[in-house]
Amino acid sequence: MGVQQYVLFAVLLVPLSALIGGAYGGSCREATLCCNGRDSSCVVQKAPLNAIIEDLNDKPCYCDHACLKLGDCCDDFKSHCGGR
C-alpha cells in the first residue's frame, strides 16, 4: 500500500470509527467538534449506534452551544469550545 493510499485509508477510517463505535469517548476535543447554535449532527456517540444503553454515561453528548441549555454537553465542551 502506497503512502497516499495509507493516508486516504486513515482519513476515511477515523470518522467512520466515530459513527460505528464511539471512538472518542465523549470528548469534543478528540472528535474535533464545536458547532454554533443547535446542531443535532454535532454529537459524540459513546456507544455503538444500535446498542442498548445500560449505563447513563454511554448516552451521546453534544458539542453545540445548545447543549448548555439542554444539559447534554460533553464533559470538555466548555474548555474546548468556550461555553457562553
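Reader: Why does Cys 67 count as buried?

Author: Buried means under 20% relative accessible area, exposed over 50%, and partly exposed in between, with a 1.4 Å probe and protein chains only. Cys 67 has 0% relative accessibility, so Cys 67 counts as buried. This is a predicted model, in which local features need pLDDT of at least 70 and side-chain atom pairs count only at pLDDT 80 or more, while totals for chains, interfaces and linings use all residues. Residues are numbered from 1 along each chain as its sequence is written, and side-chain values use heavy atoms, leaving out hydrogens and water.

Reader: Why does Cys 73 count as partly exposed?

Author: Its relative accessibility is 23%, and therefore Cys 73 counts as partly exposed.

Reader: What makes the link of Cys 67 to Cys 73 a disulfide?

Author: A disulfide is a pair of cysteine sulfur atoms within 2.5 Å. The sulfur atoms of Cys 67 and Cys 73 lie 1.9 Å apart, S to S. The structure holds five disulfides.

Reader: Why is the disulfide of Cys 61 and Cys 74 called right-handed?

Author: The torsion about its S-S bond is about 85°, so this disulfide is right-handed.

Reader: How do you know that Asp 76 has no salt bridge?

Author: A salt bridge is a side-chain nitrogen of Lys or Arg within 4 Å of a carboxyl oxygen of Asp or Glu. For Asp 76, which is buried, the nearest side chain of opposite charge, Arg 29, is 4.5 Å away. Lys and Arg count as positive and Asp and Glu as negative, whereas His and the chain ends are not counted. The side chain of Asp 76 does reach the backbone nitrogen of Arg 29, at 3.1 Å.

How values were computed
Polar contact = N/O pair within 3.5 Å; in protein donor to acceptor, adjacent residues only side chain to side chain.
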